[in-house]
Amino acid sequence: MLELAIGIILGACALGAGMAMIAGIGPGIGEGNAVAKACEAIGRQPECRSQVTTTMLMGCAVAETTGLYALVIAILLIFVAPGRLVDILLNAVGK
Amino acid sequence: MNKSNGKFRLVDFLLVLMMILPVAAGIVIKVLTTPQKEGIIIEGAMIFAEIPFPVMPILITETQVNSWLIMISIIGLALYLTHGIRAGVETKRQYLAEWIVESCQNMVSSNMGGYFKGFAPFITALLGLSAFSSLMSLTGLFPPTSDLNTTAGWALLTFILITYYKMKCGPVVYLKSFAEPPALAPLNIISEFATPISMAFRHYGNVLSGSVISVLVAAGLTGLSQVLLGRLPGFLGEFPFLRIGIPAVLSVYFDIFSGLLQAYIFAMLTMLYVAGAFPEEEYKKRHPEKA
């Protein structure tokens, strides 16, 4: 029974990490839009190339933040949460 | 300048040693202290020692050791670039040092305005420390920026600076700035604290995700080469040939490009937030003699 409970904890942590990374969709769309607009801007005014590129990279990095939050949650779920949760379970059972 | 002078060359040599030795020492420490492990394991900073302290023990981790080593290295680089500097004499390293100082001053004054001219050394130090910390992963050492504590410390510095400059016109103006549209006051307070948190997580997440993905790709290539080449006899079958060269492509993106970009963005956001926090018009109204 204890093995089953630990297995459920590990599986749920892995599933949760995978689902957390669905948040990667958002930054993908956002950065794609930003780069597309930057390409348009450079096409219209090629002399502004360096400035547009700098601003675009800056905006991309800021837009990436939500994806990175999801990444941090996923990493916590994979590397930190299983050990803690199994400890809690073993304490509750009294072993 | 008498470059052939023996003493000058000796000091030069010692400064170059000061740049290289900390990194070499870091590699030696890593080789001596890393325990033997099977397979590929992803883990955080190693804990070298614990100093007993009332509430909780102070930990001496790999992060702290590596960031001190990188600080010594950067001091060596700065001393080397400015060694033998003088007006009118032009050497390559003097050009480089002047280019660094001038471009950083230009960046600060164009992004923050004239009032914040004195911020150039702080921003340059932040930029250099962050960039070299991330580049440290090229030598195989643990980059201090892939520990949340490092970036959180820097973000805390930024938060203190933001609050200090918002307080410049007294606490009443500071509190009023939260109730700009009064209905949004709770959101304003949350976003005030979200600024340093998001800065810390952005830098940390980028560097950490790079190293995690690099390790996963290396593990995958090991398995793939065992499947493909495992039937060859002896040494040829055991050696993971696919791991030669292919992870280097990822390293160029994650270690060099991403690390430098995040350093630039961290410095840029610090400048923008601090400059944006300063209520310039109100300050000019109250202190017409200083503005």
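Biologist: How many disulfides are there over all chains?

Modeller: Zero, from a search of the whole structure. Keep in mind that this is a predicted model.

Biologist: OK, and A:C13, is that buried or exposed?

Modeller: A:C13 has a relative accessible area of 6%, so it counts as buried, the cut-off being under 20%. B:C169 is buried too, because its relative accessibility is 7%.

Biologist: Switching to the core. Which residues touch the most other members in the largest nonpolar one?

Modeller: That core has 38 residues, and B:M112, B:F116, B:F119 and B:V274 touch the most other members. Chain A's α3 (49-63) gives two or more residues to this core, as do several chain B helices, including α3 (92-112) and α9 (246-277). The largest share, eleven residues, comes from α9(B).

Biologist: What does B:M112 touch, leaving out residues up to four places away in sequence?

Modeller: B:F119, B:M271, B:V274 and B:A275.

Biologist: And what lies apart from that core?

Modeller: Another core, of seven residues, with A:V72, A:I75, B:Y204 and B:V212 among them.

Biologist: Back to the helices. At what angle do α3(B) and α9(B) pack?

Modeller: About 40 degrees, and their axes are 9 Å apart.

Biologist: Left-handed or right-handed crossing?

Modeller: Right-handed. On the α3(B) side, the contact is made by B:M107, B:V108, B:N111 and B:M112, while α9(B) brings residues including B:Y264, B:M268 and B:L272.

Note on methods:
Residues numbered from 1 in each chain as written. Chains lettered and ligands numbered in written order. Predicted model: local features only at pLDDT ≥ 70, side-chain atom pairs only at ≥ 80, totals over all residues. Heavy atoms only, no water. Disulfide = S-S within 2.5 Å. Buried < 20%, exposed > 50% of the residue type's maximum accessible area, 1.4 Å probe, protein only. Core = buried A, V, L, I, M, F, W, Y, C linked by side-chain atoms within 4.5 Å. Helix = DSSP H or I, 4+ residues; strand = E, 2+ residues; numbered from the N terminus. Contact = heavy atoms within 4.5 Å. Axes fitted to C-alpha atoms, helices over the stretch in contact; angles between N-to-C directions. Left-handed = near helix turned anticlockwise from the far one by under 90°.
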